Amino acid sequence: MCGFCPNSTTVSANSELTYDSKIEGDVIVTRADAVINWIRSNSMWPMPMGLACCAIELMAVAASRFDIARFGAEVMRFSPKQADCMIVSGTVTYKMSSAVRRIYDQMAEPKWVIAMGACASTGGMYRSYAVLQGVDRILPVDVYVSGCPPRPEALLDAVIKLQEKVKRERSFSKLNTA
Amino acid sequence: MPKALDAIAALKGAIAGVADRPSLDQPAVNVPAAGLVAAMAFLRDQHGFDMLVDVAGVDWSQGVSPRFTVVYHLLSTTDHDYVRVAADCRDDASPELPSVTSLWHGANWHEREAFDMFGIRFTGHPDLRRILMWDGYPHHPLRKDFPLSGVDTDLPDREVVAETRTNAIAAPMVGGPFVASQGEINMTDAEPRAKDESWNERRPKPGA
């Protein structure tokens, strides 16, 4: 019998390391950052910014063979308001660059960017008067994917990398310090 | 006698100043700018060259006169024969040609492209705007005096420029051009690489 709480029944020491609802009830104790980042990283809705041949690989990633749904990122949203992660897949021309930036600005925070392929990362082989030399000149890029175009597995790896990055972020605790 | 040669012979009689043009494949003619639309209408209506396949600009580079030429390819869909028509722009500084959009609506975008890339103005064109580069771009990129890497230029969207502090820059051409040269390397297992690898971002170009 516990002296401090007279109504409680005696509980033997829990030998299990995992959560046991029979013992602890419907309460989980964790950090807010961990929960929020867990939610964010496992339902990351992409904004497909398909600009060139990389977009074909992006489509393959979304299709059944590679299946980006395994990582909770299958809901491609063509409205920036509903998207979390812009996948810039293809050559960004100067003429298109302001549209890309505007769509990024219309996305709601928090938001991330994957630069898919050589062109989006550096301008690629287009050392030319018409092509933006890397989308990181106008957007804050989180993950770069090499390849021309990258294999679908490479983009899946980028999604996993981005999830790892999101899980390390200070999402809630940042609000207290800001 | 092939249809095209037939048509060219008739065209010489109908329009003044039409001359044969050296060509390795299809029959070709040079047409004076003033008679261009009449010649095209003649070929289309009298000789069945009903399809405008292509409109291409040529820059023969600075110092050459005439500097700009526009080349048209016509196809007769009934006789399956091609003819090439070339017209020189008389003014080298501000090249101009009459538009053939009155004959083929399809010429609209072709002429806009030639205007965008070479700065050739097509008089009588209904909507002569740039088609590939953005409105307000000050250069014509396919002219011989324009560098492949481009020149520093303001981007059209002022807000984006203010936000990102980015403008169109001359593309880095370190060691370029980046090509896979035929014969030098095995084309099947080689990627395009810099012609001159003796310099890079950290090491300046020797003798420059």
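I began with strand β3 (residues 112-116) of chain A, which pairs with β4(A) in the parallel sense over 3 bridges. I take two strands as paired if DSSP finds at least two bridges between them. Across this pairing, I found Ile114(A) opposite Val143(A) in β4(A).

I note the basis of the work: this is a predicted model, in which local features need pLDDT of at least 70, side-chain atom pairs count only at pLDDT 80 or more, and totals for chains, interfaces and linings use all residues. Residues are numbered from 1 along each chain as its sequence is written, while chains are lettered from A and ligands numbered from 1 in the order in which they are written.

**Chain A**

I looked up the sheet to which these strands belong: an open sheet of 4 strands in the order β1-β2-β3-β4 (chain A), with parallel pairing. At its edges stand β1 (46-50) and β4 (143-145) of chain A; each has a single partner strand, so one side of each is left without a neighbour in the sheet. From one strand to the next, the twist averages 15°.

I then turned to helix α6 (residues 152-168) of chain A, which lies across β2 (85-89), β3 and β4 of chain A and runs at about 170° to β4(A). For such angles, axes are lines fitted to C-alpha atoms, for helices over the stretch in contact, and the angles run from 0 to 180 degrees between N-to-C directions. Contact between two residues requires their C-beta atoms, placed from the backbone, to lie within 7 Å.

For the whole chain, I recorded 7 helices and 4 strands in chain A. Helices (H or I, at least four residues) and strands (E, at least two) are DSSP runs, numbered from the N terminus. The elements of chain A run α-α-β-α-β-α-β-α-β-α-α from the N terminus on. Among contacts in chain A between residues at least 6 apart in sequence, I noted that 78% join residues at least 24 apart.

**Chain B**

I found that 5 strands of chain B form an open sheet in the order β1-β2-β5-β4-β3, with mixed pairing. Its edge strands are β1 (19-20) and β3 (51-59) of chain B, each pairing on one side only. I followed β3(B) to strand β4 (residues 68-76) of chain B, with which it pairs in the antiparallel sense over 8 bridges. In this pairing, Leu52(B) stands opposite Leu74(B) in β4(B).

Helix α3 (residues 107-118) of chain B packs on the sheet and touches β3 and β4 of chain B, its direction making about 5° with that of β3(B). I also examined helix α1 (residues 3-14) of chain B, which lies across β2 (28-30), β4 and β5 (81-88) of chain B and runs at about 35° to β5(B).

**His47(B)**

I located His47(B) in helix α2 (residues 36-47) of chain B. His47(B) is buried, with 20 other C-beta atoms within 10 Å. The classes are buried at 20 or more other C-beta atoms within 10 Å of a residue's own, exposed at 12 or fewer, and partly exposed in between, with C-beta atoms placed from the backbone. Not counting residues up to four places away in sequence, His47(B) touches Lys3(B), Ala7(B) and Ala10(B). I also noted that the C-alpha atoms of His47(B) and Ala4(B), 43 residues apart along the chain, are separated by 8.4 Å.
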